[in-house]
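Hi,

Here is the model I promised to pass on.

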Number of protein chains: 2
Amino acid sequence: MVTTGPGSVPLEILAFDVFGTVVDWHGSIVAEMAAIAPGVDGDAFANAWREGYQPAMARVRSGELGWTRIDDLHRSILDAVLPRFGLGAMPEAERRRLNLVWHRLDPWPEAVAGLHRLKSRFRLCTLSNGNLGLLANMARRAALPWDLILSAEVFRHYKPDPQTYLGVAEVFDVAPSQVMLVAAHKSDLRAAKDCGLATAFVARAAEYGAKVRNDVSPDPAFDLHASGFDDLADQLGC
Amino acid sequence: MVTTGPGSVPLEILAFDVFGTVVDWHGSIVAEMAAIAPGVDGDAFANAWREGYQPAMARVRSGELGWTRIDDLHRSILDAVLPRFGLGAMPEAERRRLNLVWHRLDPWPEAVAGLHRLKSRFRLCTLSNGNLGLLANMARRAALPWDLILSAEVFRHYKPDPQTYLGVAEVFDVAPSQVMLVAAHKSDLRAAKDCGLATAFVARAAEYGAKVRNDVSPDPAFDLHASGFDDLADQLGC
């Protein structure tokens, strides 16, 4: 039995961050841009689009903006980014289709097989700032075997608000320590840990592409450090 | 292409009522009672438990009771019903376990195969008053292939409040007429129809057991009338 914390309660639920942890948003957007705008630097474009993400959510978290789905935040960032890459004339229908690339992201190579192994022993859910429709479309296309898709949209709070991490435990009627957040982002894991969740860091060195040096150094603050979901399954005895 | 309504927009999403429509709550509870309390009339017990369901939700819908999950409503009804069947002395741990029988309900015989056929062409979600944890545990155990589990818990409104039906369309970013509610209950379907959803009635004559005559007569108000999910798949060309 995998137990966490001093009370030694069994771990029951693995909650996964999605963008960057389960799916390779950067590589998927680079591939999409290569297909629709071959002259554009897809690497820089992907990172520019993603850079607008945290500031946009911060406006919702602060209350400056009412509840707004990621699909809509992605779209307003996209509209701001396109002209910087010489794509300001992109027609509405193409913008709409490009914006939905976030529904069509490809998983990291070992992710699906790893999730199946982990599912043999734990219940798996998402805990993503992505909206429910986005996550459902992604899971269908990539065959991600979630037991439950949970999103900031359910809790009407974006991570790292505590309502999201504690919300997972409430939904499954378990203690926070019986939930492990699996994420490639240390800030996400720190916030989960502050709420009493167990934590597993997954090293995704290439999350922002080959040109960006991403910090994947082990941090003893987290319960586990894994190179991927196969390694995580090994460590969790699945 | 399956289209609905005068605008002829394609049908995209099938939203399923769950208790009675997908799973046989009555038969599952009868089987559970036969195992744990063989002297009790499981048929009557199951219906007594279920009878408390609508009044309990009505208290939440009216605002008399704050948001309360079905697990907790089921438990308070159970506590009231047990003494009427000579089971008032049931210990806490057993009550807790029995209450979770709603997480362990068996699907109707043709349901899982029918869902797989329907999934080949449509995105499938639940739209149930059951809470998210309950629906996730049920889906895992019975291998129900939902693309997304939606619940009253997401919308903080119980069916038949319009927020639930319209909420499905909003989550998937489609028009209400692109969502079809599949349900064994005419009141549920009428409320969905009032919100502009397409509707499919599924005849589950034995929902309340062999002794209760359940109205499964065709109603021309609904778009489809099906004997089960296999028949529904036939009618929808899956």
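What follows is a walk through the sheets, the helix packing, the contact between the chains and a few backbone details.

First, the conventions. This is a predicted model, in which local features need pLDDT of at least 70, side-chain atom pairs count only at pLDDT 80 or more, and totals for chains, interfaces and linings use all residues. Residues are numbered from 1 along each chain as its sequence is written, while chains are lettered from A and ligands numbered from 1 in the order in which they are written.

**The sheets**

Helices and strands here are DSSP runs numbered from the N terminus (H or I with at least four residues for helices, E with at least two for strands). In chain B, six strands make an open sheet with parallel pairing, in the order β5-β4-β3-β6-β7-β8; two strands pair if DSSP finds at least two bridges between them. The edges are held by β5 (148-151) and β8 (224-226) of chain B, each with a single partner strand, so one side of each has no neighbour in the sheet. From one strand to the next, the twist averages 25°. Axes are lines fitted to C-alpha atoms, for helices over the stretch in contact, and angles run from 0 to 180 degrees between N-to-C directions.

Which strands does helix α9 (residues 162-172) of chain B lie across? They are β3 (13-16), β4 (123-128), β5 and β6 (179-183) of chain B, and the helix runs at about 150° to β4(B). Contact means that the C-beta atoms of two residues, placed from the backbone, lie within 7 Å.

**Two helix pairs in chain B**

Two packed helices are described by the angle between their axes and the distance between the axes. Helix α1 (residues 25-36) and helix α2 (residues 42-51) of chain B have axes that come within 8 Å and cross at roughly 125°. That makes α1(B) oblique to α2(B); angles under 35 degrees count as roughly parallel, over 145 as roughly antiparallel, 65 to 115 as roughly perpendicular and the rest as oblique. The residues of α1(B) that meet α2(B) include B:W25, B:I29 and B:M33, and those on the α2(B) side include B:F45, B:A46 and B:W49. By class, this contact of α1(B) with α2(B) has eight nonpolar, two polar and two charged residues. Ala, Val, Leu, Ile, Met, Phe, Trp, Tyr, Cys and Pro count as nonpolar, Asp, Glu, Lys and Arg as charged, and the others, Gly among them, as polar.

For helix α4 (residues 70-81) and helix α5 (residues 92-99) of chain B, the axes come within 10 Å and cross at roughly 125°. That makes α4(B) oblique to α5(B). Here B:D71, B:H74, B:R75 and B:L78 in α4(B) meet B:R95, B:L98 and B:N99 in α5(B). The classes in this contact are two nonpolar, two polar and three charged residues.

**Where the chains meet**

The contact takes 13 residues from chain B and 13 residues from chain A. On the side of chain B that touches chain A, α7 (132-142), β5 and α9 of chain B each supply at least two residues, and α7(B) gives the largest share, five residues. That side of chain B divides into eight nonpolar, one polar and four charged residues.

Chain B superposes on chain A by a rotation of 180° with 0.0 Å of shift along its axis (RMSD 0.0 Å). The two copies are thus related as by a two-fold rotation axis. The superposition is by least squares on the C-alpha atoms of residues with pLDDT of at least 70 in both copies. In chain B, the C-alpha nearest the axis belongs to B:V154, 2.7 Å from it. The same surface serves both copies, as 100% of the contact residues of chain B recur in chain A.

**Backbone details**

The peptide bond from A:K159 to A:P160 is cis, with omega near 10°, and A:P160 sits in the loop between α8 (152-155) and α9 of chain A. In chain B, the bond from B:K159 to B:P160 is cis with omega near 5°. The loop between α8 and α9 of chain B also holds B:R156, whose phi is near 55°, a positive value in a residue other than glycine.

Best wishes
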